[in-house]
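User: I'd like to go through this one with you, if you have a moment. Could we begin with the ligand and then move on to the rest?

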Amino acid sequence: MTTARDINTAMDLPAIDSSCGLALIDHAGKMISVNPAFLKLFALPPDVQNKTFAELTGAMNPVATHFLLQAIDGEHGIVSKRTIVIDNKTLTAHIIELNQAQRLMMVESLPASLFPTPEINHPARTPGTASLINRSMLSKHIANWKPDRSGTVTPAMLMIGLDRFKRINETLGHDSGDQLLKFTAQRLLRVIRSDDIVAHFAGDQFAILQINQNQPVAATTMAERIAELLKRPFLVNGQQVNISASIGLAILYQDTESTTDLIKHAELALYDAKHNARGGYRRYEQSLQQSASEQHELEVNLRRALFLQEFTLFYQPQVRMHDKKIVGFEALIRWEKLGAGIISPLRFIPLAEDTREIHEIGQWVLQTACREAATWPENIQIAVNVSPVQFESNNLKQIVQAALAASGLAPQRLELEITEGLLIKNMANALDQLKEILTMGVSVALDDFGTGYSSLNYLSSFPFSKIKIDQSFVHRMHTDKSRTLIKAVIALGSALGIKTLAEGVETEEQFDYLARNGCEEIQGYLISKPVPAEQIPALIS
Amino acid sequence: MTQDLYRLIYLSRNTIPGSNENIHQEIEQILAVSRQRNAASHITGALMFNRECFAQVLEGAHDDIQETFERIQCDPRHADVVVLDFKPVQTRRFSQWSMGYIGYDSLASKEFTASGFDVKQLSGERIYDLLHAHLYAAEKAGSSLVKIA
Ligand SMILES: Cc1cc2nc3c(=O)[nH]c(=O)nc-3n(C[C@H](O)[C@H](O)[C@H](O)COP(=O)(O)O)c2cc1C
């Protein structure tokens, strides 16, 4: 790069009459000097010195602004090269970092016909997320914004998050995930106005800055349109993929006082949308700060809970009806946080599934339950709940195997409880994994039967060891409907050779009814509530 | 996978407002663009319209269909797109048409809407066969449809 350095010192750019556009730019993106060809390529006014590109063209030419911002924001590579199409011209820029403070940009225009690729022939098509600016560049844009004299327009930030994107990455693979991001970026670029700016934040998050429009109408209309557009199916790697997006809005002077808070507030609104209006949008309001920080705190605490050993397992006995003997225990997780008391699994399990923390938590539950059960008499079983999410990483079998090996528990004493939800989503893959687990000697029970889409199909598709009748039916046993269902499930079980267990049994009356109708096992307060490990010896003796 | 021959069949709801005249004009415009762009990306297929719904078949290389479909997806002239079928196929059945068209006064379109016939209940295969059969019939009969097609 010696030639570049030489040019730098000796260079009088305005005097260089070449078809190649040349510009010397400082680290903040201000132009130090440019040649006439550069002005022409980007249709700039003659006096550009000490101005940034955004200031010069800003709203008028967002594509070029993205391009140049990217160019100067590039990491400290010595040379980088980028190509875009502006007004049917294909521009290629080489950026050379001369020193800490200065970059030299050389821009050439090539006739479109040199690139017979579809991208170039159809300027509306863009190469995807790589062509978008990032978070820090967007912040610069906002910082550069000056109020318009008439005062009727104000910037708005739309923060767009794809729902369940991680799951798509895990189930369909990263290549499909990347394609989805690319198409999402393209759809966004198609709906924006030419003076809007699209940025790709991390991973599954995009942002749109509307600069010159009447608010809040423009932002809410755009949010609705984007939510609708991203719900439409995508075609990825030979299959149809459906996703949705949640959107957070923050509008300067309406929701948010200063430009520096615009991104943060739009993100808080997105957070709220993801939890309370999935697939739709929310506008920022002050109360979000409070509830978001609570939810955030829960998330952070959950991440630490394993390390801080805040989880414990409680065990609820399962009793054989004919002799009322305890034949096993179901392991139930409990989270007790110092100062916060007990946090219900109904609250933290869905969150753990969302954040994927469930993988580690689930593994810990299996290990702990097996270790504990190994100290019990050999005729006592242990049942452990497994979340559908744990099947998504395709290594559940190894985790079960490791838990058994470490504890020395006989596989025949372990029963996994799964819910119908697992089978609905990806039945073939789930069944494959379950069959593998079965070959180790571990058994599998179907939990919460009757609450979901209960289908005979599931029951005959896999040799379940047990059907667990959901407690809601036992509690409503006084209604005909519940009684009919209970009887039907028991009959079905015995026809298929599958044991039935009723959950939530609290009264003798319920016990008698179930016994009369052939239910084999029960679980519930009538026998015992879930107890800590220390109390188990007393219960079984 | 990217160059393999695929077939896409989808349905969508028409959102073009206004008179029949207006709708007709928009559809003419869609067809004109489609024929030009599809020919350039080696896509063949057919479009059917029956006042409420569009049904479309696209045949071509996986990536070309993907790209075309993304453009179609962003079109505000329709909504509620339902993909009925997207799969690899051995051969093209619409190879004569970069975008054949069956309009709402045609027999085929009536068959879609015939009483008790819910478009959304139709399978991809059925739409595919209907479109194919009617385009051929129209061509044989030398009807004006072919001129548009
Ligand atoms: C029902 C329907 C079917 C369409 N079919 C096609 C098609 O087969 N090929 C095509 O290029 N455009 C088709 N279009 C038009 C596209 O949506 C889009 O307007 C056109 O490709 C121009 O895209 P552009 O303006 O982004 O370049 C269709 C539009 C509608 C509403």
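Analyst: A nitrogen atom of the ligand sits 2.8 Å from an N or O atom in the side chain of Asn38(B), which falls under polar contact (a pair of N or O atoms within 3.5 Å; within protein, one must be able to donate a hydrogen and the other to accept it, and residues adjacent in sequence count only if both atoms are side-chain atoms). Please bear in mind that this is a predicted model, in which local features need pLDDT of at least 70 and side-chain atom pairs count only at pLDDT 80 or more, while totals for chains, interfaces and linings use all residues, and that side-chain values use heavy atoms, with hydrogens and water left out. Residues are numbered from 1 along each chain as its sequence is written, and chains are lettered from A and ligands numbered from 1 in the order in which they are written.

User: Which polar side-chain atoms lie by an oxygen atom of the ligand?

Analyst: Arg190(A) has a polar side-chain atom 2.5 Å from an oxygen atom of the ligand, and for Asp75(B) the distance from such an atom to a ligand oxygen is 2.6 Å.

User: How much of the ligand does the protein bury?

Analyst: The protein buries 86% of the 610 Å² that the ligand exposes when taken alone, with accessible areas from the Shrake-Rupley method and a 1.4 Å probe, where for residues only the protein chains shown count as cover.

User: Where does the ligand lie, and how many residues surround it?

Analyst: The ligand lies between chains A and B, and 17 residues surround it, the closest being Arg190(A), Arg37(B), Asn38(B), Arg71(B) and Asp75(B); a residue is counted as near if one of its heavy atoms lies within 4 Å. H1(B) gives the most to this shell, with five residues, and by class the shell divides into seven nonpolar, five polar and five charged residues. In that scheme Ala, Val, Leu, Ile, Met, Phe, Trp, Tyr, Cys and Pro are nonpolar, Asp, Glu, Lys and Arg are charged, and the others, Gly among them, are polar.

User: OK, now the chains. How many residues of chain B are in contact with chain A?

Analyst: On the chain B side 22 residues are in contact with 19 residues of chain A, contact meaning heavy atoms within 4.5 Å. The two chains bury about 1700 Å² between them, 55% of it on carbon and sulfur atoms, where buried area is the accessible area (1.4 Å probe) that two parts lose on being put together, summed over both.

User: Which residue forms a salt bridge with Arg187(A)?

Analyst: That is Glu70(B), with the closest N and O atoms 2.7 Å apart, and the count between chain B and chain A is one salt bridge (a side-chain nitrogen of Lys or Arg within 4 Å of a carboxyl oxygen of Asp or Glu). On the side of chain B that touches chain A, the elements giving two or more residues are strand E1 (5-14), helix H2 (62-73) and strand E4 (78-88) of chain B, and H2(B) supplies the largest share, nine residues. Helices (H or I, at least four residues) and strands (E, at least two) are DSSP runs, numbered from the N terminus.

User: And over all chains, how many salt bridges?

Analyst: The rule gives 31 salt bridges over all chains. Within chain A, Asp272(A) pairs with Arg282(A), the closest N and O atoms being 3.0 Å apart; Asp272(A) lies in helix H10 and Arg282(A) in strand E12 of chain A, so this pair ties together parts that are 10 residues apart in sequence.

User: Switching to the backbone, which peptide bond is cis?

Analyst: The bond from Gln215(A) to Pro216(A) is cis, with omega near 5°, and Pro216(A) is found in the loop between strand E8 (205-210) and helix H9 (217-231) of chain A.
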